[in-house]
Amino acid sequence: MSAEPRAEQRPQFRPVPKALKYIFGLGLGARAVLMSSHLAGWLQDRLELASPVTSWTRMTEGLSLLDHGISPYEGDMFHETPLVLMLLYCLSKIWGGLIPIFFLLVDLVTGCLVHEVGTNVCRHLLEKQGRHVKFYSTDSLSLLLTGKQLNSVPRLMLGAYLLNPLTIASCAAYSTTGLHSLVIAGALLAAVQGNRLLATLATAVASYQCVYPEIFIIPVAMYIAQLEQGGRFSFRDPDSRLSLLQTAGGHFAWLGFLWALSFLPFGSMDWLYSTRGFVMLAPDLTPNMGLFWYFFTEMFEHFRIFFLCVFQLNAVFYVIPLAVKLRDHPMFHLHLLVGLTAVFKSYPTFGDAALFLSLLPVWGHCFKYMRNLFLVVCMWLYSIVLAPVLWHLWIYYGSANANFFYAVTLAYATAQIFLLTDLLYAFLRREFHLRHGPAPKEGQGMPILMNLK
Amino acid sequence: MAAHSGRNWAGLMFLCLLFVSVAASSNVEDQVGGFFKSGHTNNWAVLVCTSRFWFNYRHIANTLSVYRSVKRLGIPDSQIILMLADDMACNPRNPRPATVFNNANQHINVYGDNVEVDYRGYEVTVENFIRVLTGRLPPSTPRSKRLLTDDRSNVLVYMTGHGGEGFLKFQDAEEISNVELADAFQQMWQKNRYHEILFMIDTCQAVSMYHKFYSPNVIGIGSAQVGEDSLSHHVDPSIGVYIIDRYTYYLLEFLETVTPDSKKTLADLFRVCPKRVCVSTPGVRTDLFTRDPNTVLITDFFGSVRNVEITTETITLKRNDTAQLCSGSSCPGSRRGKRRKKLAYANQFPVEAAYEEEVTKPQWHFPMYFVAALSVFFITVVSAFRI
């Protein structure tokens, strides 16, 4: 008589569908093949995959410095966080072959997390639709989401992450961008599940690891407050404000915990200047796929602080207007922020943008309103292909110069920005059509043209 | 009667012989005296071409031709400073690489295996030229780039390029003025760096460059008066540019007739290239020169005639075996009983020593409190989510 409850309490493991098995196999297999080929060494030094923060070369340097008893943060070479350093040090001491396995695992787990994000966000979208359907126009039945439509989204997201050549190359290059993607995906999953403790922990870990996810607190706090308050959420409501403050407080508490943990190995907070300080002050101006280096090489020292503030503000500022506009859609806001930070951060790599690309399938229902998709795809492909070519022409042949390479970087950034703005436009337009029907007409019966102002 | 005539003849013969011997001895003395009249003991030459670019081929050819003559007449490379602002022999536009000709018939290649260029390309600057003349070079300058003259040196300074009234253009980027040049020569005088200078310049308005000289013992020869252009001689259609200037062409024609024992004087040199062949009027300045140019030999400046003093004393050199053959403790007079350390080559790569002591065990371990804190953290996290 006590057998049935126990059976129910046992965790249910769903069988993994065939498609997922293929995706996992292919993705991990491609990574393993690339890691063991002779291209791995070349990939490790590619600036498109490895920034001064995430490069494996610098990580090995840091590990060997640690071996000699010197703190890697004393110099200007190592910029990864202490906990990651500790983890990799353990792994390298146990067995050197654990490192490739570690990076494969990181990508595997990130893929699973992205898959779970997909399922959870789709469920959240369906729930939200269910709650708001009474506000929609009767003509917009065709625009509504169905479960069948969203069935394939998690698989698509997994495939988009694991089979993306950018992430495959990034993994084979042993770049810690994979780790950054892991913590950001973790933050997205925890956010959508709505548990304040878990969500704040996850965002704290993400912002500990890569500095820019600090701004994720805002949509996460709004989402959690909305979950708690239901329809009564408003910025003026003291309960909502309390909820927001609690989330923010939780985030900073966890962050403080992590900082205290990082203080312990070396007994000093030097690492803070080397990691956070490095990302925020951007002193390293070797060319990378970001927008900072070209400007700062030509700048007078006099104006450096000013422009640094401008650039960093540009990277984080968009959270505020988006929070105002997208206050009812914090999940979309969060996903847009992932893309925004990938473009405007001080040392981006291809892996950061690839994570945003893998989040796109969940917003696939907006694609039909996107206007620049062809342009964006073309610009993406051009910039990804031309970046190493023009680098080679510039550095090795000397027949190009920095302007060529920076132009490709600009094209890459422009492609991402177009994607973001187009997605935002498509999303907002779809919301408008949901409320006003798919082909709204104005008073005299003329069709209205939609524009994003 | 015959005996008297015989005695007369003998006397006459004796007188003749005496006369001849006296004359002959005075000739030798004159010759010997002539050795010491010039007052210099060594010859130096500073040959400067200040133009670059292919269309200034003729300036390089000018300088190299004078270099060739000066070497042929005996000045060694160690006493010639040759400054060429560009490399025509290896210029990609040269249809005959590794050659420079000064004549359309291409009889003589003035650039061969035996040419030692001391200042080449961008090293030919006004600053370097004046430093060479005054001797104020950085300590790291090699001997071949120094003008190591003393107060018994006769210096030939030949310059060619593009000039104007009172200046000479270097490398299309800067210029030297006649005042600077005059001051440089004065510095040389004050530092006793020359005995006599022959300054030759083949540019447009060349004579303006020696107008400001004020140091003694300087002769200036210019190829064109102020307001006149010094013209080039002919073009070589197979090379495509003018390959020699008029003044230098006729100067070379003249110098080819000069041999190391030639008696030609500076007066002959001044008559080289009259207006009817040169189109420009060469100018000469001799007011600072103490000797009469008619008595000055060409080889005083263009050649390197060394005065040799013959002495009849004999000097015996002692054989110095011990100094050459002993070494270390076997030498007489060295400290006995001092054991010398066996010498060995220093390790070329001292880093190897560091590699040899491999890091067998890591010098950094996880601090215990860190491990404890980490485990506390994990337990907190896990328990927080179980709840």
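Trainee: What share of the accessible surface of chain B belongs to carbon and sulfur atoms?
Mentor: 56% of about 22,300 Å². Accessible areas come from the Shrake-Rupley method with a 1.4 Å probe; for residues, only the protein chains shown count as cover. The model is predicted: local features need pLDDT of at least 70, side-chain atom pairs count only at pLDDT 80 or more, and totals for chains, interfaces and linings use all residues. Residues are numbered from 1 along each chain as its sequence is written, chains are lettered from A and ligands numbered from 1 in the order written, and side-chain values use heavy atoms, without hydrogens and water.

Trainee: Why does Ile94(A) count as exposed?
Mentor: Exposed means over 50% relative accessible area, buried under 20%, partly exposed in between. Ile94(A) has 64% relative accessibility, so it counts as exposed. It lies in helix 5 (residues 82-94) of chain A; a helix is a DSSP run (H or I) of at least four residues, a strand (E) at least two.

Trainee: Which residues form the nonpolar patch with Ile94(A)?
Mentor: Trp95(A), Ile101(A), Leu105(A) and Val109(A); together the patch has about 510 Å² of accessible area. Nonpolar side chains are joined within 5 Å. Helix 6 (residues 98-132) of chain A gives the largest share, 3 residues.

Trainee: How many bridges pair strand 5 of chain B with strand 6?
Mentor: 3, in the antiparallel sense. Pairing takes at least two bridges found by DSSP, so these strands pair. Gly164(B) stands opposite Phe167(B) in strand 6.

Definitions and conventions. Patch = residues over 30% accessible without salt bridge, like charges linked within 9 Å, V, L, I, M, F, W, Y side chains within 5 Å. Salt bridge = Lys/Arg side-chain N within 4 Å of Asp/Glu carboxyl O. Buried < 20%, exposed > 50% of the residue type's maximum accessible area, 1.4 Å probe, protein only.
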